[in-house]
Amino acid sequence: MDIEKSNEITKFAKKINLLYIVKDKNNKNNNLNFFEIFFNKVTCLDDGIKALKKFSKRKYSIVITDIDILGISGFDLIENIKNIQGEYNFETYISLTCHNCPDVVQALNVLSVLNKNIRHT
């Protein structure tokens with residue numbers, strides 16, 4: 001990827017807010033440090049119920065979750081997000097060195113299939 005394209009993606013990412021739900025939000029091995037550099041605002045939680053309340057306020061463009069989290073499972077969190085009323089539009093830009101980007105893109109594709117109010121491009 002050339003520098004101009006990389007700068008364009010970085011500039012765009014700085015406008016995106018991320019909701020990141022992990023089993024142990026204090027674990028230094030998670031991706032939080034990277035996300036905080038890359039995205040505008042990152043909220044890191046370890047509780048699915050709190051995450052659902054935060055997401056409902058419509059401040060996040062991207063949600064990344066573990067399966068095993070407090071409150072409700074990551075699967076249940078996504079199920080609840082699927083059923084949220086309102087329209088959501090997600091645009092995906094991927095780094096070629098990102099290891100979990102295919103999983104994130106697939107999750108957004110699934111959400112857009114399951115909830116007609118969610119669009120993913």
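This report describes a pair of strands and a group of aromatic rings in a predicted model.

## Basis of the model

Residues are numbered from 1 along each chain as its sequence is written, and side-chain values use heavy atoms, with hydrogens and water left out. In this predicted model, local features need pLDDT of at least 70 and side-chain atom pairs count only at pLDDT 80 or more, whereas totals for chains, interfaces and linings use all residues.

## Paired strands

Strand β1 (residues 17-21) pairs with β2 in the parallel sense over five bridges; strands are DSSP runs (E, at least two residues), and pairing requires at least two DSSP bridges between them. The bridge partner of I21 in β2 is L45.

Strand β2 (residues 41-45) is largely enclosed by the rest of the structure, because four of its five residues are buried. Buried means under 20% relative accessible area, exposed over 50%, and partly exposed in between (1.4 Å probe, protein chains only).

## Aromatic cluster

The structure holds five aromatic pairs. Rings of Phe, Tyr and Trp (its six-membered ring) pair if their centres lie within 6.5 Å; planes under 30 degrees apart count as stacked, over 60 as edge-to-face and the rest as tilted. F34 and F38 form a stacked pair, at 5.6 Å centre to centre with 15° between the planes. These two residues are four apart in helix α2 (residues 32-38), and are therefore separated by about one helical turn; helices are DSSP runs (H or I, at least four residues). F34 is partly exposed at 48% relative accessible area, and F38 is partly exposed at 21%.

F35 and F39 form a tilted pair, with 5.9 Å between centres and 50° between the planes. F35 is buried at 6% relative accessibility, as is F39 at 9%. Together with Y20, the residues F34, F35, F38 and F39 form one aromatic cluster.
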